[in-house]
Amino acid sequence: MRELEEAIAGIGVKLTMKGRLPQNSHLTYLLIVAIRECATNTVRHARGNEIMVELSETDRDVCATITNNGKAPESTVIEGGGLGALRRRIENAGGNMWVESTPIFRFSLTLPRSI
């Protein structure tokens with residue numbers, strides 16, 4: 001977790017997290033990839049400097065929602081190389097991913113705990 005915070009801080013983004021990363025290393029890896037992608041996009045597209053991550057678990061799934069303090073998208077977010085590649089990873093692991101543009105940018109995912 002500390003390495004993730006330091007890497008994100010290196011691009012000028014503060015990480016605020018509610019909840020904790022799961023014990024499953026594969027799930028944790030996919031969540032870290034998603035957090036890094038959202039941090040990069042916060043700087044590049046939203047001109048923000050903080051991301052907020054909410055993690056939760058059910059008996060079957062791990063869920064994450066990521067928002068930022070940057071400016072809201074002016075139109076629907078089009079998935080490019082980073083988000084597109086992330087979607088493929090999440091779906092290949094049996095998960096789902098959603099990207100919302102209004103009223104704020106919101107990235108959400110669910111991953112099965114059984115991977």
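**Close-up views of a predicted model**

View 1. When neighbours within four places in sequence are left aside, the residues in contact with T67 are E50, I51 and M52, together with I104, F105 and R106.

**View 2. The crossing of helices α2 and α3.** Helix α2 (residues 25–46) and helix α3 (residues 81–92) have axes that come within 10 Å of each other and cross at roughly 165°. Since angles over 145 degrees count as roughly antiparallel, α2 is therefore described as roughly antiparallel to α3. The crossing in which α2 passes α3 is left-handed. On the side of α2, the contact is made by Y29, L30, V33, A34, E37 and N41, while α3 contributes G82, L83, L86 and R89. Sorted by class, this contact of α2 with α3 comprises 6 nonpolar, 2 polar and 2 charged residues.

**View 3. Cysteines C38 and C63.** The sulfur of C38 has its closest cysteine sulfur in C63, at a distance of 15 Å, which is too far for a bond, because a disulfide is counted when the two sulfur atoms lie within 2.5 Å. C63 is likewise in no disulfide, the sulfur of C38 being the nearest cysteine sulfur to it at 15 Å. By this rule, the number of disulfides in the model comes to 0.

**View 4. Residue M1 in the segment before helix α1.** M1 belongs to the segment that precedes α1 (2–9). Its relative accessibility of 41% means that M1 counts as partly exposed, because this class lies between the buried limit of 20% and the exposed limit of 50%. Apart from neighbours within four places in sequence, M1 is in contact with L15, M17 and L21. A further distance can be given for M1 and K18, which are 17 residues apart along the chain and whose C-alpha atoms are separated by 13 Å.

Terms used:
Residues are numbered from 1 along each chain as its sequence is written. This is a predicted model: local features need pLDDT of at least 70, side-chain atom pairs count only at pLDDT 80 or more; totals for chains, interfaces and linings use all residues. Side-chain values use heavy atoms; hydrogens and water are left out. Axes are lines fitted to C-alpha atoms, for helices over the stretch in contact, and angles run from 0 to 180 degrees between N-to-C directions. Helices (H or I, at least four residues) and strands (E, at least two) are DSSP runs, numbered from the N terminus. Angles under 35 degrees count as roughly parallel, over 145 as roughly antiparallel, 65 to 115 as roughly perpendicular and the rest as oblique. A crossing is left-handed if the near helix is turned anticlockwise from the far one by less than a right angle, and right-handed if clockwise. Contact means heavy atoms within 4.5 Å. Ala, Val, Leu, Ile, Met, Phe, Trp, Tyr, Cys and Pro count as nonpolar, Asp, Glu, Lys and Arg as charged, and the others, Gly among them, as polar. Buried means under 20% relative accessible area, exposed over 50%, partly exposed in between (1.4 Å probe, protein chains only).
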